[in-house]
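Hello,

Here is the structure I said I would pass on. My notes on it follow below.

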Amino acid sequence: MRRDSALISKNMQPVLEQLLVLQNRDQKIRTIERELKMAPVEKKEFEERLASAHAAVEAIKHKGREIEVARKSLELDAHVRRDSIAKLKTQQFQTRKNEEFAALGNEVKRYEAEVQGIEDKELELMDETEKLKPQIAEHEKHLAGQKTQVAEQLGDLKAKIQAIEAELQRLTAERATLAAQIDEEVVERYERLFASKGDAAVVPIEHEVCMGCHMKVTTQTAVRVKGRKEIVGCEQCGRILYLEV
Ligand SMILES: [Zn+2]
């Protein structure tokens, strides 16, 4: 009787084949889920690139504004001194004292020299402003380019996510159907293994070596795998073994 029951024992080959198809879908699902996890990282990279282009434009414009403020302040300084010069000259022509006339004249000269110095600085700043203009234009051009590029990339990413999510749904439904066709206990064993191993739960055996952990299995295990009458696990890593046909 025992011998008979062994003879009619179920051929496990179709189950192993079903498990391999299930595993294929699960691996695809795993890859897709990783891609989905990367999507926010990609999105952040795009947005940061745009923000940095924005910041570069703002920084150079800020520099331009600072130069303008400094130039206006110099303009005011020069204006104050010119007013003083005018007043001193009036005083100079009103005085009848030679000493006072000379002293006022000296003060006028001192102010005039100061005005000259201020005007030189103003010219330097105007020069800086001129030099800044093409730089600002360049940064603005770069920003405009980035805006277009990032908008495109974000659009592509959104479309990619939508396609991936649809694919994920399809695969999830498919794997559920596949799993339902396999013995529940076998599926549970497979799922535990698949969750704990990074790669595969069902692996081939080649020259009595498990292709999951690359360790040699015992001859007894190899014989049981070849028999295809039961689900056989690698004694080292526990992965389900099959013989490639
Ligand atoms: Zn193994």
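In this predicted model, 4 strands make up an open sheet with mixed pairing, in the order S2-S1-S4-S3. The edges are S2 and S3 (232–233), each of which pairs on one side only. Between S1 and S2 the pairing is antiparallel and runs over 2 bridges. Within this part of the sheet, Glu206 is placed opposite Val209 of S2.

Helix H2, residues 13–94, lies across S1 and S4 (240–242). The angle between H2 and S1 is about 120°.

Next, the core. The largest nonpolar core has 21 residues, and those touching the most other members are Leu19, Tyr190, Val202, Ile240 and Leu241. At least two residues of this core come from each of H2, H4 (184–196), S1 and S4. H2 gives the largest share, with 4 residues.

Leaving aside neighbours within four places in sequence, Ile240 is in contact with Leu19, Tyr190, Leu193, Ala201, Val202, Ile231 and Gly233. Among these contacts, Leu19, Tyr190 and Val202 are also on the list of core residues that touch the most other members.

Glu208 is not a glycine, yet has a positive phi of about 65°. Glu208 is in the loop that links S1 (202–206) to S2 (209–210). Is Glu208 buried, exposed or partly exposed? There are 15 other C-beta atoms within 10 Å of Glu208, so the residue is partly exposed.

The other is His214, which also has a positive phi of about 65° without being a glycine. His214 is found in the loop between S2 and helix H5 (219–227). His214 has 11 C-beta neighbours inside 10 Å and therefore counts as exposed; the cut-off for exposed is 12 or fewer.

Last, the confidence. The protein chain has a mean pLDDT of 94, and 96% of its residues reach 70 or more.

Regards

Methods:
Residues numbered from 1 in each chain as written. Predicted model: local features only at pLDDT ≥ 70, side-chain atom pairs only at ≥ 80, totals over all residues. pLDDT = per-residue confidence, 0-100. Buried ≥ 20, exposed ≤ 12 C-beta atoms within 10 Å, placed from the backbone. Pairing = 2+ DSSP bridges. Contact = placed C-beta atoms within 7 Å. Axes fitted to C-alpha atoms, helices over the stretch in contact; angles between N-to-C directions. Core = buried A, V, L, I, M, F, W, Y, C linked by C-beta atoms within 7 Å.
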